[in-house]
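Visitor: Could you take me through this protein? I would like to ask about a few places in it.

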Amino acid sequence: MDIRIRSFKEYEQKYAQSVDEPDSFWNEVAQQYIWRKPYEKVCQWEFETPDVQWFLGGKMNITENCLDRHLAARGNKTALVWEPNDPRVGAVKLTYRELHEKVCQLANALKSQGVVKGDRVIIYMPMVPELTIAVLACARIGAVHSVVFAGFSANALSDRINDASATMVITADGLNRGAKQVPLKRVVDEALESCTTIQKVIVFDCVGWKPELHAGRDIWWHDAIDGMALSCEAEEMDSEDMLFILYTSGSTGKPKGVVHTCGGYMVYAGYSFQNVFQIEENDVYWCTADIGWITGHTYIVYGPLLSGTTTVMFEGVPTFPDAGRFWQVCDKHGVTVFYTAPTAIRALMACGLDHVLPYNLHSLRLLGTVGEPINDEAWRWYYLHIGKEKCPIVDTWWQTETGGIMISGLGGLSPMNPAHAGFPLPGIQPVLLDQEGKEITSNEVEGYLCIKYPWPSMIRTTYGDHERCKHTYFSHYHNHYFTGDGAKRDENGLYRIIGRVDDVINVSGHRFGTAEIEEAINANKYVVESAVVGYPHDVKGQGIYAFVICDSMPEDAAIRRDEIIETVVEQIGRIAKPEKIQFVTGLPKTRSGKIMRRILRKVAEGDASNLGDISTLLDPDVVADIVKGAQ
Ligand code: WT7
């Protein structure tokens, strides 16, 4: 494990090396892994097509590096700690050896169910150890996993299954979430009514319900693994073979399948994990994300396991049975590194210190945040009351498309400034561009955040639609990857992420396209048209504000609002629920028919005093109506 940078001085040296001689830098990093066949070339790239390849010609399997590689020295070390939703249920611990066996066993089961290398497998599961096992079992046999967050609706699930032409779904009968249970299998059944490619469904018995199984299609997990061998030779993968697809929202209605490949993703996941969190052998590391998002992929499953670390996986929610649950779990398992989202911190902060004080939190040494900008107040609360002023905080900026953390402090080594993600990791070359695409080189400036050189875990394509990848990320600025974020560099060169500059809203660290939510709202039979914007929300960071035109003004606005929310829940899921719905008779449009969201954003923020120039609107009068309606 010697790719760890151990001082800020070393960081500066490594950074310089990574820019001057990127191939030799990444070659050193990649050497810690097992390559069945060594790569012939470190990197080949151009951002026009785009065509990016890393570790060309190398053959490997990521699970061999996550599991087999550790068996000799860490076979009896705990790989996975699972903390259930209900604190009265016991935790589960799996050693590296046990996890290896379970992954192999399921891998054999997948094969015997007909899954072969390259097949797409959808994983729609609760946060239980079997989810991690399913992800790794796919990777073991070279099947492409696509985890769909279990909060998504049947509609959203079938869209993803169809886009990926998946042949298998791995799911569970239901899931536990705080005081509630959710019938997952029922959602899968509904989704599959509009899918034709799925041949098999594996169902894990999680909550003890007995859903009906479709003969010939569905099989219980325990029956599928019954009698399967506990070893399974890992499939030999090319560095550039697909490892997984993860769907994320963009500025059009349809979510896109971000594609990550085996070799580069592996190298960057382990490297970034070990350096950002300054991982030591005895760390107990807990990331509270769901494996349905990229954070869970890279920093619950792959990064920690590649590093031989003990990783904690939590089934529940931060506020069940009460708002002290996170801190109770930290004490219970002796968590040393804790990684969560600003929205969770703000929600718990609002519940008061009474839920923190019963716990000593002595084991913690490092804290992290991810998903959205963290405001000063939340940062200070986290630093003071959770870290007791002795734990550094790493504010980690990255994206589904980047595969791993890009801009962040290295735990305890780097200068820290609340609300600033900080410096780029060695190997990452961010730039700020102006409107014209010119690089801004001075400090204390704002610009569009782009990356000008490839890194191993960057997006390779959007599944089934390479044009979309090119168009979204590589055509805004010639020869640059465009992040969609605006950022500011302070006088010391630290980056502060300001937020999205495209039509993407970040609600509690979850990403939605305005068009995606508008399409969902428009699916309601009364709705003629809608426009959605984000507005500042105390806990969620941003909330969803929808301006909606109905065929006639609703008699009972409250009932109509509930109906529209229900439609959004059906179309996408509960996580995309608009916070506010305002019924309007018209939307502010330019003569060419484009909605002027700038105006709607101002109204949603509650600041209608300065709407700017509205003279180019087709019908400037609608603005006054909207402002009046908002009050
Ligand atoms: C967008 C990516 C990558 C993990 C979870 C979200 C925002 C992410 C930060 C941060 C400010 C952040 C950006 C980015 N974001 N981390 N530390 N500070 N903003 O993944 O769904 O792909 O969203 O989240 O706007 O573009 P994602």
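Visitor: Which residues gather in a patch of positive charge on the surface?
Guide: In this predicted model, the surface patch of positive charge brings together Arg 177, Lys 180, Arg 574 and Lys 577.

Visitor: Where does Arg 574 lie?
Guide: Arg 574 is found in the loop between helix H16, residues 557–571, and strand S31, residues 580–583.

Visitor: And why does Arg 574 count as partly exposed?
Guide: Its relative accessibility is 48%.

Visitor: A new topic, then. Where is the place of Ile 34?
Guide: Ile 34 sits in the loop between helix H2 (22–30) and strand S1 (41–46). With a relative accessible area of 33%, Ile 34 is partly exposed.

Visitor: What is Ile 34 in contact with, leaving aside its neighbours within four places in sequence?
Guide: With those neighbours set aside, Ile 34 has contacts with Met 60, Glu 64, Asn 65 and Arg 69.

Visitor: What separation is there between the C-alpha atoms of Ile 34 and Lys 488?
Guide: These C-alpha atoms are separated by 39 Å, and the two residues are 454 residues apart along the chain.

Visitor: Last one: is Ser 158 buried or exposed?
Guide: Ser 158 is buried, because its relative accessible area is 5%, and buried means under 20%. Ser 158 belongs to helix H6, residues 154–164.

Visitor: Which residues is Ser 158 in contact with, beyond neighbours within four places in sequence?
Guide: Leaving those neighbours out, Ser 158 is in contact with Ala 191, Ser 194 and Cys 195.

Key: Residues numbered from 1 in each chain as written. Predicted model: local features only at pLDDT ≥ 70, side-chain atom pairs only at ≥ 80, totals over all residues. Heavy atoms only, no water. Patch = residues over 30% accessible without salt bridge, like charges linked within 9 Å, V, L, I, M, F, W, Y side chains within 5 Å. Areas by Shrake-Rupley, 256 points an atom, 1.4 Å probe, with all protein chains shown as cover. Salt bridge = Lys/Arg side-chain N within 4 Å of Asp/Glu carboxyl O. Lys, Arg positive; Asp, Glu negative; His and termini not counted. Charge placed at Lys NZ, Arg CZ, Asp CG, Glu CD. Helix = DSSP H or I, 4+ residues; strand = E, 2+ residues; numbered from the N terminus. Buried < 20%, exposed > 50% of the residue type's maximum accessible area, 1.4 Å probe, protein only. Contact = heavy atoms within 4.5 Å.
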